[in-house]
Amino acid sequence: MIEVKNLTKHYGKNIALDNISFKLNEGDVLGFLGPNGAGKSTAMNIITGYISADEGTVTIDGHDILEEPSEAKKRIGYLPEIPPLYQDMTVQKYLEFMYRLKKVRKPMKEHISEICEMVQIRDAEEKIIRHLSKGYRQRVGIAQALLGYPPVLILDEPTVGLDPAQIIEIRKLIRDLGKKHTIILSSHILSEVQAVCDKILVINHGKIMAEGQTDSLTLLGRETRKIKIVAEGREQNLYSALKSVDKVMNVERLGETEKGCYEFIVESSADVRRSVSKAVARTDGIILLMQPEGRSLEETFLNIISGKSE
Amino acid sequence: MSAILKRELAAYFSSPVGYIVTAAFMFFSGFFFYVQCLNIGTSNMYAVFQSMFFIVLFVIPLITMRLFSEEKKYKTDQALLTAPVSLAGIVTAKFLSAFVMLSVCLASYVIEGIVLSFIASPDWSVIIGNIFSMMMMGAAFIAIGLFISSLTENVMIAAIGSFAVNLVISLVDSISANLPVPFLKGLLDSLSFQTKYSNFALGIVQLSDVVFFVSVTVLFLFFTERVLEKRRWA
């Protein structure tokens, strides 16, 4: 559906994108992840045909964005970093304008109100955009991108400025849309990408630092497993019981957390939760908490960005 | 394209700009009509059209100033440039919206002609010829204003820049009158907007004058399109 080949873009001497390539199939949801200034927005602007790359090609559903711009652009709904809203129009008039601009062929009134319903801006339809709050503007921007239900949606930080309830709604909406549409979204909120996307592309300094399925990235570098354990009992007994469990490599004592309860970090080379539980029970101890200390996406992300590989 | 044209026309009249421009144009046109026709008792509107030359110089930058600069400032150009519309289509739509605004202003001449017809017999061919000539010249000025608007994201700079350029264009005659070099004098004379406009106002329609204004219009619309195209590569 989307094929990006060897994109390179310079701004003067600075390199904004350095040889980026990827391919997306129908129904893929890709997350661009990277710190500010990594080149996420530049990449999106090039894919949508707003700016041109120095080198490389972008093909949308077989149509090159430079060779057949009209055909390619018809298939894209784009929410830029700053929603492109005309300040002096009402939401209704603005969406009608965008509808005509995009040459959408669906019954206009029904189509627009259906989309307003989806992003929950029905109550603001008659308001002038200048008077809207940031959250509403953002959602009008999303509505604009959805007009005509284009097969490809490109959303640059779609949940910026929304309140927590709206964020959940919009994420759910994106996940639903992801069943039928090919979506690229950018974010610096990692949990968002984790929640919504099935593929992740980590970009920094215009380069792809890592790419893969969300799950595989999350698990990256998890050969040694860590479990946090809080147990009640005598510290020495608990410690030696944990130590004696098969496949446990190291036990770290973190001290008393509440009266008679001690915290440990158990490092092992396999899943030892059952045997740990049995071992503690044999000492008459009681396990109060057992929590895997998985490496979060944040940790992985920071490692990738700083170039550390484990 | 029609979507952009419609939006621009609505934008003129959802902000004070459209009203101020039409009001100013009609005020001056009415004022000159009173002073130079009604007051001295003539049905010849030639003097009115001559005086309006300078008003048009000032009015057109107001019409064109925000057409591209505001798009850039509020990043709404992203919506236009990523929509299935060609650059030429965008530029043409913007140009036409300004042209329609100017035509609305020019309607005041028709009103004056009707007023005259109650007390005398106005020369309609002169009035219609002048509206036509004003449209030709106005189109050229609009294209220049559009081009300047595409160069900046500041509305005021776009307006003042267009004023300045229009003033220089209107000064071409006085500059050429003081030039001792015949070659340069001839060159400047051939670029004069005012001489060609005066020809129209007198009722002399020359194909070369029409071609001149059409060429200037097309040339600057082309430049505008190039500016937008270049921005994508910057």
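## A first walk through a two-chain model

In helix H4 of chain A, which spans residues 108-118, the buried residues include His111(A), Ile112(A), Ser113(A), Ile115(A) and Cys116(A). The structure you are looking at is a predicted model. H4(A) is followed by Gln120(A), which has a positive phi near 60°.

### Where the two chains meet

The size of an interface is often given as the accessible area lost when the parts come together. Between chain A and chain B the buried area is about 2,500 Å², and carbon and sulfur atoms give 60% of that. On the chain A side, the residues that lose the most area to chain B are Tyr50(A), Tyr86(A) and Leu101(A); together they make up 28% of what that side buries.

How many salt bridges cross the interface of chain A and chain B? The rule finds 0 there. Polar contacts between chain A and chain B do occur, with a count of 7 residue pairs.

### Charged pairs

Side chains of opposite charge can pair when their charged atoms come close. Over all chains, the count comes to 20 salt bridges.

| Residue | Partner | Closest N and O atoms |
|---|---|---|
| Arg122(A) | Glu125(A) | 2.7 Å |
| Lys179(A) | Asp176(A) | 3.4 Å |
| Lys94(B) | Glu71(B) | 2.5 Å |

The surroundings of these pairs are worth a look. Arg122(A) is partly exposed, at a relative accessible area of 41%, while Glu125(A) counts as buried at 10% relative accessibility.

For the pair in chain B, both Lys94(B) and Glu71(B) are buried. The salt bridge between Lys94(B) and Glu71(B) has its closest N and O atoms 2.5 Å apart. Lys94(B) lies in helix H6 (residues 87-119) of chain B and Glu71(B) in helix H4 (residues 66-73) of chain B, so the pair ties together parts that are 23 residues apart in sequence. Salt bridges with shared partners also join Arg7(B), Glu8(B), Arg66(B), Glu70(B), Glu71(B) and Lys94(B) into one network.

### Strands of chain A

Strands of a sheet pair through backbone hydrogen bonds, either parallel or antiparallel. Chain A has an open sheet of 4 strands in the order S2-S1-S4-S5, with antiparallel pairing. Strand S2 (14-24) and strand S5 (63-64) stand at the edges of this sheet with a single partner strand each, so one side of each is left without a neighbour in the sheet. Strand S4 (residues 55-60) and S5(A) pair in the antiparallel sense over 2 bridges. Across this pairing, Thr59(A) stands opposite Asp64(A) in S5(A).

Another pairing joins strand S12 (residues 248-258) of chain A to strand S13 (residues 261-268) of chain A. These two run antiparallel and are joined by 8 bridges. Arg253(A) stands opposite Phe264(A) in S13(A). S12(A) and S13(A) form a hairpin with 2 residues between them, and Gly260(A) in the turn has a positive phi of about 80°.

Is Gly260(A) exposed, partly exposed or buried? Gly260(A) counts as partly exposed, at 22% relative accessibility. Leaving aside its neighbours within four places in sequence, Gly260(A) is in contact with Ala231(A), Glu232(A) and Gly233(A). As for Ile128(A), its C-alpha is 63 Å from that of Gly260(A), and the two are 132 residues apart in sequence.

Note on methods. Residues numbered from 1 in each chain as written. Chains lettered and ligands numbered in written order. Predicted model: local features only at pLDDT ≥ 70, side-chain atom pairs only at ≥ 80, totals over all residues. Heavy atoms only, no water. Buried area = accessible area lost by both parts, 1.4 Å probe. Salt bridge = Lys/Arg side-chain N within 4 Å of Asp/Glu carboxyl O. Polar contact = N/O pair within 3.5 Å; in protein donor to acceptor, adjacent residues only side chain to side chain. Buried < 20%, exposed > 50% of the residue type's maximum accessible area, 1.4 Å probe, protein only. Pairing = 2+ DSSP bridges. Contact = heavy atoms within 4.5 Å.
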